[in-house]
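Please keep the sequence and the structure in view while reading.

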Amino acid sequence: MSLICVGSMAYDAIETPFGKRDRIVGGAAVYAAYAASNFIKPINLVSIIGNDFEESEIRALEEKGASFEGVERVKDKKSFFWSGKYHLDMNTRDTLVTDLNVLADFKPVIPASFQDSEFLMLGNLHPATQISVIGQMKIRPRLIAMDTMNYWISSAMQDLTTLLGMVDVLMVNDAEARELTGEYSLVKAARKIMQMGPRYLVIKKGEHGALLFHGSQVFFAPALPLEEVFDPTGAGDTFAGGFMGHLARTKDISFENMKTAIIVGSAMASFCVEKFGPERLKEIDKNEIDDRIRQFIDLVNFDIALV
Ligand code: AMP
């Protein structure tokens, strides 16, 4: 049982009110892989890197169980570079630089050895690129989840509409769900999105948690109130990695188990924001994850008598 993670592998420059890093490894596939590696191996990465991507970063991911067979290495170009600056509330950020570099020519190729993967996570990329990945799978994975962003909603809606008809789970933030549907009410937005294709919808609300929709059912997972949040970069991708990692480990794609998966995703995201980039994700172990999940249980568990 394995998981394919498709997405960017990057170097980021990040500035938050609590510090800055001029160059730190990042990208959706990196965050998702670190998170998922706690639950399932191998993580079949599908991405592209340039000549500046450090061997030590490749080894660190391989040690966690990532396979690089689906990662194209380009000798004469640099890796994708992104730079962002957060404001004091950290819910908003400005993108300062997006240097596509190798990502501009990314045509993902799924290696034959990845064909038996039953879980597919499509990180945020051009929807046509995401479609090409699904088209290469000889047997449709049991569960296909995707992320997207406002940029594709406004510039590639036709491809996005096709893609939405091909996936099982869409993960977006609240602003993206509203933009995709023109609905302010997230319940109405969810209904419209599920009519477009995905049977399951996760709406992430940053420090206010995440909602899971399926048919007429809704489930809510809070975000853990943390004393210190250093850097929210990659929290969404980390959430996705934890969510898919849990589902792949348990091989159970029922709505009930997806509720657990969004708690696991939220727990992983809570680690991500505690240090810059994926630094915290690199160091956590099973005991810390178990402790964190217990904190989630305590956070929402209460006895109440019906009135
Ligand atoms: P998130 O905070 O979940 O939006 O993810 C941040 C990560 O996404 C960073 O590590 C960036 O390298 C990566 N990223 C930012 N913009 C893009 C883009 N246009 N395409 C692919 N990856 C991106």
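Two strands are said to pair if DSSP finds at least two bridges between them, and the helices (H or I, at least four residues) and strands (E, at least two) named below are DSSP runs, numbered from the N terminus. The model is predicted, so local features need pLDDT of at least 70 and side-chain atom pairs count only at pLDDT 80 or more, while totals for chains, interfaces and linings use all residues. Residues are numbered from 1 along each chain as its sequence is written, and side-chain values use heavy atoms, with hydrogens and water left out.

Strand E2 and strand E3 (residues 19–26) run antiparallel and are joined by six bridges; the two form a hairpin with two residues between them. They belong to an open sheet of four strands with mixed pairing, in the order E3-E2-E6-E7. Its edge strands, each pairing on one side only, are E3 and strand E7 (93–99). From one strand to the next, the twist averages 15 degrees, where axes are lines fitted to C-alpha atoms, for helices over the stretch in contact, and angles run from 0 to 180 degrees between N-to-C directions.

**The ligand site**

Which residues are closest to the ligand? Of the 15 residues that surround the ligand, the closest are Ser 8, Asp 12, Gly 27, Arg 93 and Gly 234, a residue being counted as near if one of its heavy atoms lies within 4 Å.

| Residue and atom | Distance to a ligand oxygen atom |
|---|---|
| Asp 12, polar side-chain atom | Asp 12: 2.4 Å |
| Gly 234, polar backbone atom | Gly 234: 2.8 Å |
| Asp 237, side-chain N or O atom | Asp 237: 2.9 Å |

On its own the ligand has 510 Å² of accessible area, of which the protein covers 84%; such areas come from the Shrake-Rupley method with a 1.4 Å probe, and for residues only the protein chains shown count as cover. Two or more residues of the shell come from each of strand E2 (10–16), strand E6 (80–86) and helix H8 (235–250).

**The nine-stranded sheet**

Nine strands form an open sheet with mixed pairing, in the order E5-E4-E1-E8-E9-E10-E11-E12-E13, and its edge strands are strand E5 (66–73) and strand E13 (217–221). Within this sheet, strand E9 (residues 143–147) and strand E10 (residues 169–173) run parallel and are joined by three bridges, with Ala 145 opposite Val 169 in E10.

Helix H3 (residues 127–136) lies across strand E1 (3–6), strand E8 (119–122) and E9, running at about 165 degrees to E8; contact here means heavy atoms within 4.5 Å. Helix H8 lies across E1, E8, E9, E10, strand E11 (200–204) and strand E12 (210–214), at about 170 degrees to E8.

**Backbone details**

Most residues other than glycine have a negative phi, and most peptide bonds are trans. The peptide bond from Lys 41 to Pro 42, however, is cis, with omega near -5 degrees, and Pro 42 has its place in the loop between helix H1 (28–36) and strand E4 (43–49). Asn 101, found in the loop between E7 and E8, has a positive phi, near 45 degrees.

Methods
A polar contact is a pair of N or O atoms within 3.5 Å; within protein, one must be able to donate a hydrogen and the other to accept it, and residues adjacent in sequence count only if both atoms are side-chain atoms.
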